[in-house]
Amino acid sequence: MEPQVNQETGKQSVFDRLQSVFQFREANILFVIGILFLVLSAFVPHFLTSSNLTTTFIGLAMDGILVVGMTLVLVSGGVDLSVGSVLALTAVLAGYLAYNGVNIWLAAVIALVAAMIIGWFSGFFISKIGLNPLIMTLGMMSVARGLAYVFTEGAPVSIVGISESFLFLGQGSVLGIPMIIIILIVVVITGDLLLRKTAALRQVYYVGSNEKAARLSGINVQKVKLWVYVISALMAGIAGLLTLARFSVAAPTAGMTAELRAIAACVIGGASLTGGQGTILGALLGVILVGLVNNALILMNVSVYFQSLVIGLVLIIAVTLDVYLNKRKEKQKVAA
């Protein structure tokens, strides 16, 4: 539905502007988050405290950055299971280089380039060679995690003497707002606007909706599919560096199951596993929804094993809903 414009003033109302930003699926998730927030505030002790909310949103920052890249991959019709491992490898590589005397900023750049190379390899073998995205990124997940273990020999590496300006990214704050949350907001807003407004990124939707039609219309499908994996790896790399800046520790186990949380959040936020649908803003709302559920389980002293169980169930429900909606849409097309 196109936003209504006031005929006299020529301006959109506040409601119409919000409607143009929040699509129907996103509005539903926002409503669910609001209800959940009210319920948790009323029945879960210590939920509505500034320290708990701040800690919760800081904890969501890494997944929030990961879904920026994962949304692009899913919209293009692919999937990326390597983001959690790339996150760990980037943190470990930057920490390893800094530990051995390399300037931390130079180490961060080298680690980001390494992450993008991994994304390039995934994109190359998927777009040029034709490997299944699930199999290719599953392999890269193992490769990246293996390299992280090789650099650290299996043990976390504590980094001392890192530049305060680098640590500020993960531990500092501006006007009381944690810097890591500011970075998350900037990355999400930038990514969402670019995906909605730029012709180059909107090609991802055409590729994911109908690859053959996109190719016939002149879109370089292979190039689009290659770059979405590079961007996904870059986002994982940024999340890895922020993890290092936050904890001052390079751990090969960082980012475990992050790929599942990112996929679940994207699907909950409206991305389709068959491609062609999804927004970054919706995926962020999915991250917040899953994060609030997790936080409630922690505050209620539910075992960490049940937390994994809940995430798995949320993913299954979200995927089932996605399949159901796609089948319903196909039936409506046939009926029309």
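Predicted model: local features only at pLDDT ≥ 70, side-chain atom pairs only at ≥ 80, totals over all residues.

Helices and strands are here DSSP runs, a helix being a run of H or I with at least four residues and a strand a run of E with at least two, and both are numbered from the N terminus. Under that convention, Arg 196 belongs to helix α8, which covers residues 179-197, and the protein as a whole has 14 helices and four strands.

The mean pLDDT of the protein is 87, and 91% of the residues score at least 70. Among the elements, helix α5 (residues 104-129) has the highest mean value, 96, whereas helix α1 (residues 14-21) has the lowest, 55. Residues 1-5 have a pLDDT below 50, and this stretch has ten contacts in the model beyond near neighbours in sequence.

As to overall dimensions, the C-alpha trace spans about 65 × 55 × 45 Å along its principal axes. The radius of gyration is 21 Å, which agrees with the value near 20 Å that a compact globule of 336 residues would have. Of the contacts in the protein with a separation of 6 or more, 77% are between residues 24 or more positions apart. The accessible surface comes to about 17100 Å², and carbon and sulfur atoms account for 68% of that area, while buried residues make up 47% of the 336 residues.

What lies in the interior? In soluble globular proteins, nonpolar side chains tend to be buried together. The largest nonpolar core in this model has 94 residues, and those with the most contacts inside it are Leu 66 and Leu 244. Helix α3 (residues 50-75) contributes the largest share of this core, 14 residues. Once its neighbours within four places in sequence are left aside, Leu 66 is in contact with Val 83, Leu 87, Met 235, Ala 236, Ala 239, Ala 258 and Ala 262.

An α-helix has 3.6 residues a turn, so residues three or four places apart point the same way.

The C-alpha atom of Arg 196 is separated by 9.4 Å from that of Ile 280, although the two residues are 84 residues apart along the chain.

Gln 203, found in helix α9 (residues 199-209), has a relative accessible area of 27% and is thus partly exposed. Leaving aside neighbours within four places in sequence, Gln 203 is in contact with Ile 219 and Val 224. Gln 203 and Phe 47 are 156 residues apart in sequence, and their C-alpha atoms are 42 Å apart in space.

Ser 76 is a loop residue, found between α3 and α4 (83-99), yet it is buried, with a relative accessible area of 5%. Beyond neighbours within four places in sequence, Ser 76 is in contact with Val 204, Val 207, Gly 208 and Val 228.

Which backbone angles deserve a look in the loops? His 46, in the loop between α2 (24-43) and α3, has a positive phi of about 70° although it is not a glycine, and with a relative accessible area of 62% His 46 is exposed. Glu 153 lies in the loop between α6 (133-152) and β1 (157-158), and its phi is near 55°, again a positive value in a residue other than glycine. At 74% relative accessibility, Glu 153 counts as exposed.

Technical notes:
Residues numbered from 1 in each chain as written. Heavy atoms only, no water. Core = buried A, V, L, I, M, F, W, Y, C linked by side-chain atoms within 4.5 Å. Buried < 20%, exposed > 50% of the residue type's maximum accessible area, 1.4 Å probe, protein only. Contact = heavy atoms within 4.5 Å. pLDDT = per-residue confidence, 0-100. Rg over C-alpha atoms; globule rule 2.2 N^0.38 Å. Areas by Shrake-Rupley, 256 points an atom, 1.4 Å probe, with all protein chains shown as cover.
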